[in-house]
Amino acid sequence: MDFLLPASLLVLSPLIGGLLEGTFRKLNARMQNRVGPPIVQPFYDLFKLLQKRPILINNYHVIMAYAHLVAMVIALATFLLGGDFLLVIFFHGMSLALLSMGAYGVRSSYSQVGATRELLHILAVEPVLIMIAANLYLNTGTFLLSEIFNSNFLFKSMPLAFLALVAVLPAKLKKSPFDVSEAHQEIIGGPEIEYSGPFYAPIYLAKWLEEVLSAGLIAMFFLGNPVITLIAISVTFTFVLAVDNSTARLSYWDMVKYTWEISIPLVLVNLVLNYVGVL
Amino acid sequence: MLKMFLTSVLNLFRKPATHLYPFEPYEPFEDYRGRIVWNEEKCTFCMRCEMVCPPGAIKIMIMEDDTKRWLWNPAQCIYCGECVRNCPFGALTQENQYSPPLDKSNKRDWSEIEREAERLKLLWRERLRKKSQAKKSS
Amino acid sequence: MASESKNKTREIQIKEKVYTTIPFGSQHVALPEPIKFIFDTENEIVKEIKFDIAYVHRGIEKALTTMFDFRKAPYVVGRVCGICSAAHTIPCAVVMERAIGIDREIPDRAKAIRMIALEINRLQSHFLINGHLAEVCGYENVFMHIWRDREMIMDLADMLFGNRVQYDVVCVGGVNRDIPKDKERVLLDKLNEIEKSVEFMEKIFTKDRTLVSRLKGLGVVSKEMALEYGIVGPMARASGVKTDCRVEDDWGLYKDLGFEMVTMEEGDSLARCLVRVRECYESIRIIREAIKSTEEGEISIKVTANPKYEAVCRNEAPRGELFYYVKGTGGIMPDRVRIRTPTLANIPILPEVMKDVSYNDIPPLLMSFDPCIACTGR
Amino acid sequence: MSIFALSRVKSPWILHYDTGGCNGCDIEILAVLTPRYDVERFGMINRGNPKQADVFLVTGPVTKRCRERLINLYLQVPEPKVVVAVGSCACDGGVFRNMYNVENGVDKVIPVDVYVPGCAARPHQIIDGVVKALEILSKKTKENIELPEYIKERFPSLNDRRKVLEEMRKR
């Protein structure tokens, strides 16, 4: 039983991720006062991409796209099956790094600029996640997620760490104000610009999985009552989307600055408070 | 920032501003400049519309048996309405409906028609000249 | 020998700096028009700029002297640029009238309708560019909201002139379509709503922190620079240069209606934006006054002669001074037509202000200039 | 209809290129994406990236300098694809017909599937045109590759054309 739920979640994660992405797009459109696409739209997109004629630039480029997907799947699997939290962070960072390695492999300067910005994304997101992991260790005494999942309502003891996670979510999900690596109006998708058709599909799929992983990270703080977990996830995502719709894109420098100046101090304060015993 | 945040959250509960076009019909304004309609009975083939049309989207073909055809290319017309204003007999009117999209099957090759009309016009002039010469000689 | 060649290579290494070259155009999302920029960047900071504006040259000036007679000319020059179509047709008609010698006889009602067409054109253009500026800043929601409100103006144009983009209402000798009383009433009603959305726009561009932080201090053009490069339109007015062809050339009734010029001193991208927003209020006021000041009546006069003089006309397009020159010799087609567009005047300053700007600030900076390449290339 | 055939129709990503028109149609294409018309209902997004596009919207009468870029963009869009010529000048040259620097319409340069008339084309007309283009797209597969006349002229024999295709695949 303990194994069945995570395993089925893992198998269903593309489905959940697609629906999540579709809901995002629908909500985004409604926030902009328009109707928006149907919720199953991401699946249409994925199946269409698989049917396009492949345009191969070089093998290395394509291999990196698949490696990006595989690393993301491993990160998600480790997370859901209750592995080591540090391993999740490592594979998540690695999948982003693989994407930017692939992007460096082509001559397009948009791709190169995008790859550099993608690396800055890692720099912005991963330290915060590592600090959260340290905080988790202080609270639960382990890095193993299977044991962390047993703890009830972690939000009570680490609310500031949760706020830090929310603050880096726009950068993690590539939403405004920190969508610098995609930056549709500047570098037209950045690292993914040269991928087309079936080679773009793994990247598109990896995006969904990243959303599932983010949902899991949020859920980690609110375990115990499934209703509260779902409400927390939906409220947090709606908040992130509303922020996406109420900010302009900041520069890559601002992204690193804000995440480091706001998120890391937040987690540190939480760490200290936990250590002292206030929370 | 805060204003847009509130606006976007409130928009979730408002009706979207979208007009669901192909599923909901749309009626253009009363005097929208749409398709040109030709009334054959009123037309005297004075060629004024062909002369005033800025892009040359109207061509009148004078066939070899002196029958005349009025041709209009919806894909080249700029819908300025100049032909309608200049028609002395009111044979041309402008609907308020816009033209539907065309594809390969129903789009005319206009350059061929232009060439043909030009050739037929030369032949017509030749015929007129011969006629007047015959009149003079008689 | 060996040391010599070694020195040589070292010299070359010092001389050649390696830049990342980022092409921008001729097809790019941020700018729907074909213009090509090549930015040589170092650490995403732009160091060198090359640009190419002549993708859209169609040869309209030549065609006006060889293919179209002067009565068709306003319809043709409307297609020079779709965003400022009315701004092109009016000076073309005026300059033809001046070349014929009938510009004093144009009825006031025709002038008022021309002014309404121009101001509606200016409103939609300013809405367009401010919305698009928000979009290239990555602020999609503001873009959507401003363009949603812009549809009201497009509807007005659709109702009054019969088309959303190409009004084609101005002809040589006046206008070819009157505005009846019931439409005037609808127009006045709609203007109130449009005024509200201009207020919304002003609030966004003055209060929104992320947008202001992106635009403030970006691409500053000082007053001296503006005068030196001879820039025109809202750009010049944002730098504090008092220039507006609506009062400098008298084809319309602007002087009678009491025209107020909007100027700002800062000269950065935000100021250029705000000048446009504040001009919207002025445009709305002018439309109201124009409707009030004239009654229905004669809208055009009969044109019998051909252009035979040399004439110029200056008009304030949404982007700045638009200059038309015509030389007629009594033929049905003029001998020489020359169009000078506002963007051509504003482009030489671009490399100057784009230098040492981060690449992610380039699209907003470029859009705040409001470039219209279709005008520039003709 | 299978999910694959359905998805081809339901997710048209657009690429838009102005080949020297008057901007009117370009702005109307932008307006089509905004709340009043909102073509994202049909899954349309403006990707601005030829390699991820399905529907290629072309405006303008194709000036001589835009010609090469247009062919280049057309070759970069992977099959199945449809080309929609938006506006009178993209269909037949419009008011710019026979001016010295234009090619009189998009179909003189690349194969066009749907023509949207109008100067400028209304958003409604553009939506109609795209819906019609999607009907054509549903019948196309990745195997039928159409080449522009220009390429056929430059590489008349079949072998040469195969070379072009290989080049295209490599790109």
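Biologist: About how much space lies in the largest cavity?

Modeller: This is a predicted model, in which local features need pLDDT of at least 70 and side-chain atom pairs count only at pLDDT 80 or more, while totals for chains, interfaces and linings use all residues. Residues are numbered from 1 along each chain as its sequence is written, chains are lettered from A and ligands numbered from 1 in the order written, and side-chain values use heavy atoms, without hydrogens and water. A cavity is a set of points, on a 1 Å grid over the protein atoms alone, where a 1.4 Å probe fits but cannot get out, and its volume is the space filled by probe spheres set on the points, which are joined across faces, edges and corners. For the largest cavity this comes to about 1,200 Å³.

Biologist: Which helix gives the most residues to the lining of the largest cavity?

Modeller: Lining residues have an atom within 4 Å of a point, and the largest cavity has 48 of them, with A:E182, A:H184, C:E140, D:I45 and D:R47 nearest its centre. Helices are DSSP runs (H or I, at least four residues) numbered from the N terminus. The helix that gives the most, with 6 residues, is α9(A).

Biologist: Which residue of chain B meets the side chain of C:D168 in a salt bridge?

Modeller: A salt bridge here is a side-chain nitrogen of Lys or Arg within 4 Å of a carboxyl oxygen of Asp or Glu, and the rule finds 3 across the interface of chain C and chain B. At 3.5 Å, N to O, the partner of C:D168 is B:R33.

Notes. On a 1 Å grid over the protein atoms alone, a cavity is a set of points where a 1.4 Å probe fits but cannot get out, and a pocket is an open set with protein on both sides within 12 Å along at least five of seven lines; lining residues have an atom within 4 Å of a point. Helices (H or I, at least four residues) and strands (E, at least two) are DSSP runs, numbered from the N terminus.
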